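Welcome! Take a moment to look over the model below, and then we can walk through it together.

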Amino acid sequence: MSWPASLSKRSVWIAFTCLCALGFYAVQSVSPVAAFWLAIFFFILGVPHGAVERLPHQRRVMMPTLAYTALYIVFGILVYSSWLISPVGTLVVFLTLSAIHFGLSEPHILSLGAWVTLGSFLNYPVETLEIFSFLTRSDLSVALAVETGRYFSIICALIVLGETAIRLLRRQSVDLFRVIALLTIFIFLPPVTAVALYFFCFHSLCEMRKTLEGLSRHQGYLDLKSISKLYAPASIPALIGAGIIIWAVQAGYVPIYLAAGLGVAFIIPHMLPVEKLLELDRA
């Protein structure tokens, strides 16, 4: 059995996700600081999933080309400039794109993307806004913002449940465990740990599975060498850069505000259809 096929096993996903969720909950109960660093570790583990150029219409995957890398950097510079001018506005764009990006990657239930973005407001509205305030150097923790965030999270949950119920009544495909797990994770776990768990276990690993399946179809086989060749060129610099930024923030050399802007500038181009622009150019 190949690695991508084993990642598709539902029992593996259930066991792994439950184990990670319980682990996060236990660590969070003992030490919130330790849970924060565990979440950072999960975010870093999930970075390689976006380190390839995917050509969905051609059902191909490949290492990033120079054109792809250059376009990615240009988008990143524009995003970072936007962050320096208006961090709150850029954050709103980032959250909106995240909801769309996660929703499009979710199987069957599109509204889960919005829930992943806003779900933490249900039980942790103050903590969520404090994180946004800290990252943007803005005072967002006002009563109206807290109630508005909670209101939107309730709407998102109802939409997810409604979309799920409609698909079940129509006897359409739906991963009920995934829906229940995501609703539960964002209700009970604090925002940073909840997003980290989703990002790695639900989003990154699933996207890597799709990529590896595409690679397997393209070249007819799959081995560790081909996987490393695909992911290493972009993943290794990205992971080293992330480690340097984290160290610089901890050492006090880089303010968290600037580091957050770099993170947003690095992530947003991944959520934009850069590869589709290149496909048009190739056509």
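How many helices and strands are there in the protein chain? There are 13 helices and 2 strands, taken as DSSP runs numbered from the N terminus (helices: H or I, at least four residues; strands: E, at least two).

This is a predicted model, in which local features need pLDDT of at least 70, side-chain atom pairs count only at pLDDT 80 or more, and totals for chains, interfaces and linings use all residues. Residues are numbered from 1 along each chain as its sequence is written, and side-chain values use heavy atoms, leaving out hydrogens and water.

Of the 283 residues in the protein chain, 40% are buried (under 20% relative accessible area, with exposed over 50% and partly exposed in between; 1.4 Å probe, protein chains only).

Now for a pair of helices that pack together:

| Helix | Residues | Partner and packing |
|---|---|---|
| Helix 4 | residues 66-85 | helix 12, angle of about 140 degrees |
| Helix 12 | residues 256-271 | helix 4, axes 8 Å apart |

Axes are lines fitted to C-alpha atoms over the stretch in contact, and angles run from 0 to 180 degrees between N-to-C directions. Helix 4 and helix 12 are therefore oblique to each other (under 35 degrees is roughly parallel, over 145 roughly antiparallel, 65 to 115 roughly perpendicular, the rest oblique).

Finally, visit Ile180 in helix 9 (residues 176-188). Ile180 counts as partly exposed because its relative accessibility is 46%. Ile180 and Leu161 lie 19 residues apart in sequence and 9.4 Å apart in space, C-alpha to C-alpha.
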